[in-house]
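I am opening a notebook on this structure. The entries below follow the order in which I looked things up.

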Amino acid sequence: RGRGAPGSASARIAVPSSLVGAVIGKGGETIKRLSAETGARIEVAKDAPTTAVERSIFLSGSPESVEKARGLIEAVVRERGSGNR
């Protein structure tokens with residue numbers, strides 16, 4: 001899975017459950033684009049209870065790709081979370 005490989009990084013971002021759909025996108029297109037753009041592996045935790053307020057998103061890859069992915073995901077969350085629908 002590449003976790004812990006030399007020169008690799010991983011991170012976890014907590015995203016409000018109501019905005020996870022915006023990060024994934026229709027048919028997964030947004031998350032696939034973010035992954036392709038940044039080179040990072042992006043996985044949304046699937047085992048969160050339906051009552052969870054937040055869902056975890058796990059990022060792994062090179063330190064640069066993980067940082068870039070984190071920034072793009074945070075931008076999506078900010079954009080959608082501010083009420084601009």
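This is a predicted model: local features need pLDDT of at least 70, side-chain atom pairs count only at pLDDT 80 or more; totals for chains, interfaces and linings use all residues.

**Entry 1: a buried residue to begin with**

I looked up Val66, which lies in helix α3. Is Val66 buried or exposed? Its relative accessible area is 4%, which is under the 20% limit, so Val66 is buried. I then listed what touches Val66, leaving out residues up to four places away in sequence: Ala9, Ser10, Ala11, Ala40, Leu59, Ser60 and Gly61. I checked one of these, Ala11, by its position in the chain. Ala11 and Val66 are 55 residues apart along the chain, and their C-alpha atoms are separated by 7.1 Å.

**Entry 2: the whole chain**

I stepped back to the chain as a whole. I found three helices and three strands, and read along the sequence they follow the pattern β-α-α-β-β-α. Of the 85 residues, 34% are buried. I also looked at how far apart contacting residues are in sequence. Among contacts with a separation of 6 or more, 65% are between residues 24 or more positions apart.

**Entry 3: the sheet**

In what order do the three strands stand in the sheet? I read the order as β1-β3-β2, in an open sheet with antiparallel pairing. β1 (9–16) and β2 (41–44) are at the edges, and each has a single partner strand, so one side of each is left without a neighbour in the sheet. On average, neighbouring strands are turned by 20° against each other, direction ignored.

I noted in general that strands of a sheet pair through backbone hydrogen bonds, either parallel or antiparallel.

I then went through the pairings. β1 and β3 run antiparallel and are joined by eight bridges. Val15 has Arg55 in β3 as its bridge partner. β2 and β3 (residues 54–61) also run antiparallel, with four bridges between them. Here Ile42 has Leu59 in β3 as its bridge partner.

Helix α3 (residues 63–81) packs on the sheet and touches β1, β2 and β3. The direction of α3 makes about 5° with that of β1.

**Entry 4: the core**

I looked for the largest nonpolar core and found 19 residues in it. The residues with the most contacts inside this core are Val15, Val23, Ile42, Ile57, Leu59, Ile73 and Val77. Two or more residues each come from β1, α1 (20–24), α2 (29–38), β2, β3 and α3. Which element gives the most to this core? I found that α3 does, with five residues.

Ile42 touches Ile31, Leu34, Ser35, Ile57, Phe58, Leu59, Ala69 and Ile73.

I turned to α2 and noted which of its residues are buried: Thr30, Ile31, Leu34 and Thr38. They cover an arc of only 95° around the axis, which places them on the same side of the helix.

What covers the buried residues of α2? The cover includes α1, β2 and α3. After α2 comes Gly39, with a positive phi near 80°.

Thr38 is in helix α2 and, at 8% relative accessibility, counts as buried. Its side chain reaches the backbone oxygen of Leu34 at 2.8 Å. Not counting residues up to four places away in sequence, Thr38 touches Ser65, Lys68, Ala69 and Leu72.

Ser65 is in helix α3. Its relative accessibility is 5%, so Ser65 also counts as buried. I listed its contacts beyond four places in sequence as Thr38, Gly39 and Ala40.

How values were computed:
Residues are numbered from 1 along each chain as its sequence is written. Side-chain values use heavy atoms; hydrogens and water are left out. Two strands pair if DSSP finds at least two bridges between them. Axes are lines fitted to C-alpha atoms, for helices over the stretch in contact, and angles run from 0 to 180 degrees between N-to-C directions. Contact means heavy atoms within 4.5 Å. A nonpolar core is a set of buried Ala, Val, Leu, Ile, Met, Phe, Trp, Tyr and Cys residues joined through side-chain atoms within 4.5 Å. Buried means under 20% relative accessible area, exposed over 50%, partly exposed in between (1.4 Å probe, protein chains only). The arc is that of the directions from the helix axis to the C-beta atoms. A polar contact is a pair of N or O atoms within 3.5 Å; within protein, one must be able to donate a hydrogen and the other to accept it, and residues adjacent in sequence count only if both atoms are side-chain atoms.
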